[in-house]
Amino acid sequence: MGVRENLEDVRTKIAAAEHEAERAKDAVTLVAVSKTHEADMIREAIAAGQRVFGENRVQEAQRKFPELKQETPDLELRLIGPLQSNKAEDAVKLFDVIESVDREKIARALAKEMAKQGRAPRLYVQVNTGNEPQKAGIDPRETGAFLTLCRDELGLEIEGLMCIPPAGENPGPHFALLADLAKENSVPKLSMGMSGDYEIAVAFGATSVRVGSAIFGARDYAA
């Protein structure tokens with residue numbers, strides 16, 4: 001199937017999962033993860049009505065999205081991959097949502113750039129629910145303290161929490177943990193669930209799911 005058909009299939013499954021979980025229709029935002037895919041394939045998704053996209057790397061997004069945003073001004077672009085502090089200026093300039101706020105250094109760099117540019121991308125804190133040493137994200141036990149730092153000291157409004165469960169594990173407990181942390185800390189949004197588990201994430205309260213290969217197919221690593 002092509003991008004249009006894949007999008008329709010994913011949307012249908014999200015709607016069914018919303019219904020099954022007794023959630024409101026369109027409660028979940030579909031983020032089409034376009035990393036490693038070229039602009040022409042993204043344009044196919046735009047033509048099929050998709051408006052929210054996720055990219056992993058600032059540099060790759062800079063190459064593709066300024067022109068796409070000019071062509072389609074209502075696009076929303078989300079950074080879902082790790083952010084280096086030296087890329088904070090570019091990230092604030094380009095992205096509408098930054099989902100990978102995962103340490104104090106990044107939070108401070110973003111606060112500085114947002115004040116400097118007068119631009120305020122919506123922010124999510126990434127939580128390392130599996131405490132995997134190789135993976136970005138804050139320790140779940142430090143979520144409250146980190147949110148207090150972001151909100152009270154740096155003046156950052158945190159819209160949501162994001163997680164990537166460990167590969168090969170049942171994602172349900174990780175989604176449940178993230179939902180509990182969000183509730184405890186009065187955070188309204190949850191970004192969780194990818195191509196292999198987004199229907200499960202909907203059942204656990206995801207407000208956005210990040211779906212790449214189920215829409216675009218295998219990644220084009222030459223991109």
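This is a predicted model: local features need pLDDT of at least 70, side-chain atom pairs count only at pLDDT 80 or more; totals for chains, interfaces and linings use all residues.
**Entry 1**

I started at Thr36, which lies in the loop between E1 and H2. Helices here are DSSP runs of H or I with at least four residues, and strands are E runs of at least two, numbered from the N terminus. Residues are numbered from 1 along each chain as its sequence is written, and side-chain values use heavy atoms, with hydrogens and water left out.

Thr36 is not a glycine, yet I read a positive phi of about 70° for it. I also looked up its accessibility: Thr36 is buried, at 13% relative accessible area. For that word I use under 20% relative accessible area, with exposed over 50% and partly exposed in between (1.4 Å probe, protein chains only).

Lys35 is found in the loop between strand E1 (29-33) and helix H2 (39-47). An unreviewed UniProt entry annotates Lys35 as "modified residue: N6-(pyridoxal phosphate)lysine". I keep in mind that UniProt annotations may be inferred rather than shown by experiment; their positions follow the numbering used here, and feature names are shortened. Lys35 has a relative accessible area of 17%, so I filed Lys35 as buried.

**Entry 2: another positive phi**

Most residues other than glycine have a negative phi, so I kept looking. Asn131 has a phi near 50°, and its place is in the loop between strand E5 (122-126) and H6. Asn131 is partly exposed, at 41% relative accessibility.

**Entry 3: the core**

Which residues touch the most other members of the largest nonpolar core? They are Phe53, Leu110 and Val209, in a core of 64 residues. Helix H5 (residues 104-117) gives the most to this core, with six residues. By nonpolar core I mean buried Ala, Val, Leu, Ile, Met, Phe, Trp, Tyr and Cys residues joined through side-chain atoms within 4.5 Å.

I then listed the contacts of Leu110 (heavy atoms within 4.5 Å). Leaving out residues up to four places away in sequence, Leu110 touches Leu83, Ala88, Val92, Ile98, Val101 and Leu123.

**Entry 4: aromatic rings**

My rule pairs rings of Phe, Tyr and Trp (its six-membered ring) with centres within 6.5 Å; planes under 30 degrees apart are stacked, over 60 edge-to-face, and the rest tilted. The count comes to two aromatic pairs. One of them is Phe53 with Phe65, tilted, at 6.0 Å centre to centre and 50° between the planes. Phe53 sits in strand E2 (residues 52-55) and Phe65 in helix H3 (residues 58-71), 12 residues apart. Phe53 is buried at 0% relative accessible area, and Phe65 is buried at 1%.

**Entry 5: cysteines**

How many disulfides does a search of the whole structure find? I got zero, taking a disulfide as two cysteine sulfur atoms within 2.5 Å. The closest cysteine sulfur to that of Cys150 is in Cys163, 17 Å away, so the gap is too far for a bond. Cys150 is buried at 0% relative accessibility, and Cys163 is buried with a relative accessible area of 0%.

**Entry 6: helix H7**

I finished on H7 (residues 172-184), whose 13 residues reach 18 Å from first C-alpha to last, close to the 18 Å expected. That expectation is 1.5 Å times one less than the number of residues. Its buried residues include Phe175, Leu178 and Leu181. Helix H6 (143-153) and helix H8 (198-203) are among the elements covering the buried residues of H7. Just after H7, Ser186 takes a positive phi of about 55°.
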